Amino acid sequence: MSRPDSELLVIDAEADVRPSVEGARARRALLAHPVLLLVGIVLASVNMRAALASMSPLVTQVGADFGLSETSRSLLTSVPVLFLGLGALVAPWLGRRFGSEVVLFGALLLLAGGILVRVLPSVGALYGGSLLIGTAIALLNVLMPGLIKRDFPDRAASMTSVYTGAMIAGATVAAAASVPLEKAFGDSWEASLAFWSLLAVVAAVAWAPQVIIARGRTGHEVRAASSASAAVPARSVWRSALAWQVTLFMGLQSLWSYVLIAWMPTIFSDHGMSRSTAGVVFAFNNLIQVAGAFVVPVLAGRMRSQRPLIVLVTGMVAAGYVGLIVAPVAGAWVWAAVLGVGQGGAVGLALTLIVLRSGDAVTAARLSGMAQTVGYLLAAVGPFAAGAVYEATGSWTVPLSLVVGVCAVALGVGLMAARDQKV
């Protein structure tokens, strides 16, 4: 029975480099202030989904004010997801060139700026701000796990729980508070969205000591010529059928999640639910994802083949989507719970498969980069396609049925990715 080291579940994007002498000295200085580092990680993590989740309950109002079609509204979610994929390509290089501390600080400022640009009174600014938000979150997504593994090598698993928990908490609070904030600011969705820039600024201020303590001494790592990296050609994962199966499962489970992030509150409100209640149900869906995200990876690590878990999580997501078609409002809380556990379990399982199907940390880092880049590019299609099909048909039945079809495809590639083999 294979069981991976839990710390390996934290994938280091810089696994094939080693720090310079100056970098190692700077990291010892950083670790001399663990509370500062912990507060900075938590506040940065809270921001990693808040800007995306805050838009979803307000997307109908935003679209109405600018006269956007349903397809155009879908781009408000698709554009950030698209740049999550593109940003993942450059994040490791930026981290090695300038140091993770500096890049994460810049990402938080970029996030705050993107949120403010998004509320300027023009359609170009609306989409331009979304682009900046996606790029900033991509940098946080890729560099944060590596930083945790680097600075907390003996507590990587527990610190990962802290950072993922903070990320989900940020999304939950933002989703639940968006409509109440809009009302509190005099029916201004601009003020409601702009409010979350304060959270990014606070996180940047809390992170600033990391930049000062490091004083630019990190970011000069030397590529390691380890036997492991020498044995795994850089392009090998892109030529592996198993790597593509893992990548497709990652992308398809991201796709069904971002369709919900973009449209779940709108689906409920289109069927008569108030926008405030729809936002709270959406927040509940985010919160309940914690259960699946924590339990499924633990179970996956105890199995040689993860096929039963693939069937479980794809089945739950498909059942939830069918529920949204059949009785969207009457069973809203049930579908939100079923979907949430399935979504959380699927993302945890996808990340675990990257580790389980990799023979070493270098391969895991390369497979992670491939899966995140291709996966987010694939996921960006989901919200856009769902909005376009809804606009063409005038009903949510067809777009939601198509996502059920996506679940069937994910089941097929997931069963192949879950075999006890290595890339």
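A quick word on labels before clicking anything: helices here are DSSP runs of H or I with at least four residues, numbered from the N terminus. Keep in mind, too, that this is a predicted model.

Start with the whole protein in cartoon view. Of the 423 residues, 54% are buried.

Next, select residues 241–270, which is helix α10. Within that helix, pick Ser254. Is Ser254 buried or exposed? Its relative accessible area is 6%, under the 20% cut-off, so Ser254 counts as buried. Show its side chain: a polar atom there sits 3.0 Å from the backbone oxygen of Met250. Looking beyond the neighbours within four places in sequence, Ser254 is in contact with Gly375 and Ala379.

Now for the largest nonpolar core, which has 76 residues. Select Leu111, Phe249, Trp256, Tyr258, Phe268, Tyr321 and Leu349, the members that touch the most others. Helix α10 gives this core its largest share, 16 residues.

Zoom in on Phe249. Setting aside residues up to four places away in sequence, the residues Phe249 touches include Ile310, Val313, Thr314, Ala346 and Leu353.

Last stop: another core of 24 residues lies apart from the largest one. Select Leu37, Leu140, Leu143 and Met144, which are among its members.

Note on methods
Residues numbered from 1 in each chain as written. Predicted model: local features only at pLDDT ≥ 70, side-chain atom pairs only at ≥ 80, totals over all residues. Heavy atoms only, no water. Helix = DSSP H or I, 4+ residues; strand = E, 2+ residues; numbered from the N terminus. Buried < 20%, exposed > 50% of the residue type's maximum accessible area, 1.4 Å probe, protein only. Polar contact = N/O pair within 3.5 Å; in protein donor to acceptor, adjacent residues only side chain to side chain. Contact = heavy atoms within 4.5 Å. Core = buried A, V, L, I, M, F, W, Y, C linked by side-chain atoms within 4.5 Å.
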